[in-house]
Amino acid sequence: MPRIDLVGPYAIRLFRQNIRDSLMSHGEECVLVHMLHVPEVQDDPNYPRCPVCWDDVYKQASKFDCPNCYGTTFDGGVKDIYRAWGLFTDSNDEETFGKRGMWHPIASSVQTEHVPDLWQRDFVVRVARWSADHRIEEIDAIYVFKGVTNESLRTGAMIGQTGYDTVSQRADLQLISKDMPINKYAFLGQRFDRFDGRER
């Protein structure tokens, strides 16, 4: 029996592939890091609190530079991490007025693939040099997402924003300081796989 693709899923898969092809032509490979966030894992027993820094009595972390949870207070800290294609560009020009006068922050933004589902305060690692087998040899910079906009394709009576119809993601980025806990993650020498294509 032949397989029949419905219009909706086919259009979404085709759009995702078109975006991926465009990013492969004009962008660069990076590593997307989706951290554990309280709203999605707080009641899930599969994600226990960090045994290193979480205080069961006071219900808070004793420190936020923990090398085990990277400041998330959940054991492990990282939920999803993938190698993906991204296109880095300059963000909107703006000036900031502070104590030392007017200055122009260097801001950037990124457009990337639809997985993993990125949130505010997730990270992207811009890689300066890869090995032949896709291991990170040198990191250019690590950026934190200031806010993520999902680009969706509506092809039918879909109610609400879902991961089902997300085709790409855009976000403004901010360069993190060397003191951020995510810098303790062992990126160098690691091989990160691409998303395997299975829909969630």
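Student: In this structure, which residues of β7 point the other way from Ser108, Val110 and Thr112?

Tutor: Along β7, Ser108, Val110 and Thr112 point one way, and every residue on either face of the strand is buried. The model is a predicted one, and in it β7 is mostly covered, with five of its five residues buried. The residues that point the other way from β7 are Ser109 and Gln111.

Student: Which residue in β10 stands opposite Gln111?

Tutor: Strand β10, which covers residues 166-175, runs antiparallel to β7, and five bridges join the two. Gln111 is itself buried and points from β7 the same way as Ser109. The residue that stands opposite Gln111 in β10 is Arg170.

Student: How many helices and strands are there in the chain?

Tutor: Read from the N terminus, the elements follow the order α-β-α-β-β-β-β-β-β-β-β-β. Residues 24 or more positions apart account for 68% of the contacts with a separation of 6 or more. The tally for the chain is two helices and 10 strands.

Student: What share of the accessible surface of the chain belongs to carbon and sulfur atoms?

Tutor: The chain has 200 residues, and 38% of them count as buried. Its accessible surface comes to about 12400 Å², and the share that belongs to carbon and sulfur atoms is 50%.

Student: Which elements give two or more residues to the largest nonpolar core?

Tutor: That core has 17 residues, and those touching the most other members are Val31, Val33, Ile81, Phe123, Ile182, Tyr185 and Phe187. The elements giving two or more residues to it are β1 (28-35), β4, β8 and β9 (136-152).

Student: With which residues is Val31 in contact, leaving aside its neighbours within four places in sequence?

Tutor: Val31 is one of the residues that touch the most other members of the largest nonpolar core. With the neighbours within four places in sequence left aside, the contacts of Val31 are Ile81, Tyr82, Phe123, Val124, Val125, Val127, Trp130, Ile136 and Phe192.

Student: Why does the pair of Phe88 and Tyr143 tie together parts that are 55 residues apart in sequence?

Tutor: The search of the whole structure finds five aromatic pairs. In the pair of Phe88 and Tyr143, the ring centres are 6.4 Å apart and the planes stand at 40°, so the pair is tilted. Both Phe88 and Tyr143 are buried. The pair ties together parts 55 residues apart in sequence because Phe88 lies in strand β4 and Tyr143 in strand β9.

Student: At what distance from the ring centre does Arg126 lie over the face of Phe88?

Tutor: A charge over a ring is found for Arg49, which lies over the face of Trp54 at 4.0 Å from the ring centre. For Arg126 over the face of Phe88, the distance from the ring centre is 4.3 Å.

Student: Which residues do ring pairs link into a cluster?

Tutor: The rings of Phe187 and Phe192 have centres 6.2 Å apart and planes at 55°, so the pair is tilted. Phe187 counts as buried at 2% relative accessibility, and Phe192 is buried with a relative accessible area of 4%. The residues linked into a cluster by ring pairs are Tyr70, Tyr185, Phe187 and Phe192.

Student: What is the phi of Tyr70?

Tutor: Most residues other than glycine have a negative phi. Tyr70 lies in the loop between β3 (60-61) and β4 (78-90), and at 15% relative accessibility Tyr70 counts as buried. Thr73 has its place in the loop between β3 and β4, is buried with a relative accessible area of 8%, and has a positive phi of about 70°. The phi of Tyr70 is positive as well, near 55°.

Student: What is the omega of the peptide bond from Val115 to Pro116?

Tutor: Most peptide bonds are trans. Pro116 lies in the loop between β7 (108-112) and β8 (123-130). The bond from Val115 to Pro116 is cis, with omega near -5°.

Technical notes. Residues are numbered from 1 along each chain as its sequence is written. This is a predicted model: local features need pLDDT of at least 70, side-chain atom pairs count only at pLDDT 80 or more; totals for chains, interfaces and linings use all residues. Side-chain values use heavy atoms; hydrogens and water are left out. Helices (H or I, at least four residues) and strands (E, at least two) are DSSP runs, numbered from the N terminus. Buried means under 20% relative accessible area, exposed over 50%, partly exposed in between (1.4 Å probe, protein chains only). Contact means heavy atoms within 4.5 Å. Accessible areas come from the Shrake-Rupley method with a 1.4 Å probe; for residues, only the protein chains shown count as cover. A nonpolar core is a set of buried Ala, Val, Leu, Ile, Met, Phe, Trp, Tyr and Cys residues joined through side-chain atoms within 4.5 Å. Two strands pair if DSSP finds at least two bridges between them. Rings of Phe, Tyr and Trp (its six-membered ring) pair if their centres lie within 6.5 Å; planes under 30 degrees apart count as stacked, over 60 as edge-to-face and the rest as tilted. A charge sits over a ring if NZ of Lys or CZ of Arg is within 6 Å of the ring centre and within 35 degrees of the ring normal.
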